[in-house]
Amino acid sequence: MGSSRNKFTSLLLMFCLVVLVRAEYAKYKDPKQPLAVRINDLLGRMTLAEKIGQMTQIERVNATAEAMSKYFIGSVLSGGGSVPAPQASAGDWASMVNEMQKGSLSTRLGIPMIYGIDAVHGNNNAYRATIFPHNIGLGATRDPMLVKRIGEATALEVRATGISYAFAPCIAVCRDPRWGRCYESYSEDPKVVQAMTTLISGLQGDAPSDYTGRPYVGGSKKVAACAKHYVGDGGTYMGINANNTIIDTHGLMSIHMPAYYNSIIRGVSTVMVSYSSWNGEKMHANHFLITDFLKNKLKFRGFVITDYEGIDQITSPPGVNYSYSVEAGIGAGIDMVMVPFAYTEFIDDLTYQVKNNIIPMSRIDDAVYRILRVKFTMGLFENPFADPSLAGELGSHEHREVAREAVRKSLVLLKNGKSASTPLLPLPKKAGKILVAGSHADNLGNQCGGWTITWQGEPGNNNTAGTTILSAIKSTVDPGTKVVYDEDPDSSAVDAGEYDYAVVVVGEPPYAETAGDNLNLTIPEPGPAVIQTVCESVKCVVVLISGRPLVVEPYIGAMDAFVAAWLPGSEGQGVADVLFGDYGFTGKLPRTWFRSVDQLPMNVGDEHYDPLFPFGFGLTTEARK
């Protein structure tokens, strides 16, 4: 009797162990299982609360470990300038992200969160990160492989901070430079924008040829990318940010849509919807373009995300009927909702709508399936935490050299000499005395523009690390050449200076989004006065730091040479490299340079096309041997 009882006990114990092992083994946790098996296994285990949590992206400041686990939050973001601490190190960022991730992994199913950030010209929120030229300058390079290398460097600098998702690239086709985001657009020409989708392959890795439509992230040194802002963001009336793009279907498809085809072929993980409207219908509520076209016709298999508080803006004024905004946005096909602050309201409203059959469960399952697909594909379940060995990638010398190369190739030479027979550039390094003047010559913040450390960017030299144009000039000229810097010299000082030549660096202050909308597009004072004061007395090259073409026709006659430097970022040495002939000028205008704002919008191919400098224009110089 005793031995049979022992046998029974042993069998029971073995049975319990088998059940326990089976309970612990979940197919979704097994990287050897096929992707679809893992997704379906996990989706089948999820409650409604867990599913809606995956669809919710909240701001860093709210993302405590407790909030992450209580609401099953699927994603966190840093808004522009939202940082763990001023001048936070890579390690500070990684520690913060890891703490949030621990909250996510502590939940019943342990689904890791994905952290997103606006890394739009490098990992630009992070102190001492490499700041690359903004997209308008990259468009001027006409060098897609360089842009891919920038994507590779940016991915490493984003991963250095423990972050795995970049809200980039912006593939807007800016058709009106009055738009405050025009510098985030590679070009007015959709073909140039299409060519620059190589940034996606740099950020994510090269997708296999059979990956069309499916998201691809090639391991833990790459990041998920985001094609934005879908669609027509660059075509709004008078360039008013987030306004109405009035254009027929053919125009939308031939100008604003093409770069999305390339992005999907490259395996882009996510697409962000635009605040703007198409012919009066808000993009965040456009079922035809989000579901019928992007998901069903183009076979995009990643997830669709809103812009910052994007569903709020479906109504006017924003948020006036939030439950309608939730219904319209999710119903249109949005998968992840950026609700930085009011996330409990979003979760409550969406839960109510699903329970009351306003939003079908099939729509929720589509959203969560897509989000999980991206997370599984990028290896987030296997590698949810930051890799501390990558900390040294942030602002590395190698990446700064790539940025410096990008600056050199982005510069567009628009005038060189009062006549073709008397070129001023390249400048001689050996001279008696030279003048450097203007508000942007010794100002790293102005040089970098918006989306740098803070959302709007800030003037000055104390915000991050880099090389100003003045510093670059001083380190490039012969040691015997005296360099005098006077930001705003008076004419008597210029006359008395006996300068061999002058470099005048002026332009726009930093700005982002609506704050940059501008109907007059003049060079801010005292820029024009400095140009006139210096150039009437001394041979001068004017370097314009701006996010777009500005009105220069009144001053162009006074200049001996004129260079469009766009927003070059942290590596000002690239400007001096070309001014002094270590490298030649090769950049070509990515946009039409208008004479007067009365001509706008005016784009290449228009019937009435009378620019100051046409699209594609750019003089060249040879490097000095």
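Which residues form one aromatic cluster? I found Y28, F376 and F381 in it.

Before going on, I noted that this is a predicted model, where local features need pLDDT of at least 70, side-chain atom pairs count only at pLDDT 80 or more, and totals for chains, interfaces and linings use all residues. Residues are numbered from 1 along each chain as its sequence is written, and side-chain values use heavy atoms, with hydrogens and water left out.

**Rings.** I searched the whole structure and got twelve aromatic pairs (Phe, Tyr and Trp rings, the last by its six-membered ring, with centres within 6.5 Å; planes under 30 degrees apart are stacked, over 60 edge-to-face, the rest tilted). Y28 and F381 have ring centres 6.4 Å apart and planes at 80°, so I logged the pair as edge-to-face. F376 and F381 are stacked, at 4.1 Å centre to centre with 10° between the planes. I checked burial too (buried is under 20% relative accessible area, exposed over 50%, partly exposed in between, with a 1.4 Å probe and protein chains only): Y28 and F381 are buried, and F376 is buried as well.

**Cysteines.** I counted two disulfides (pairs of cysteine sulfur atoms within 2.5 Å). C174 joins C182 with S to S at 2.2 Å, and the S-S torsion is about -105°, so this one is left-handed. C535 joins C540 at 2.0 Å; here the torsion is about 105°, so I wrote down right-handed. Both C535 and C540 are buried.
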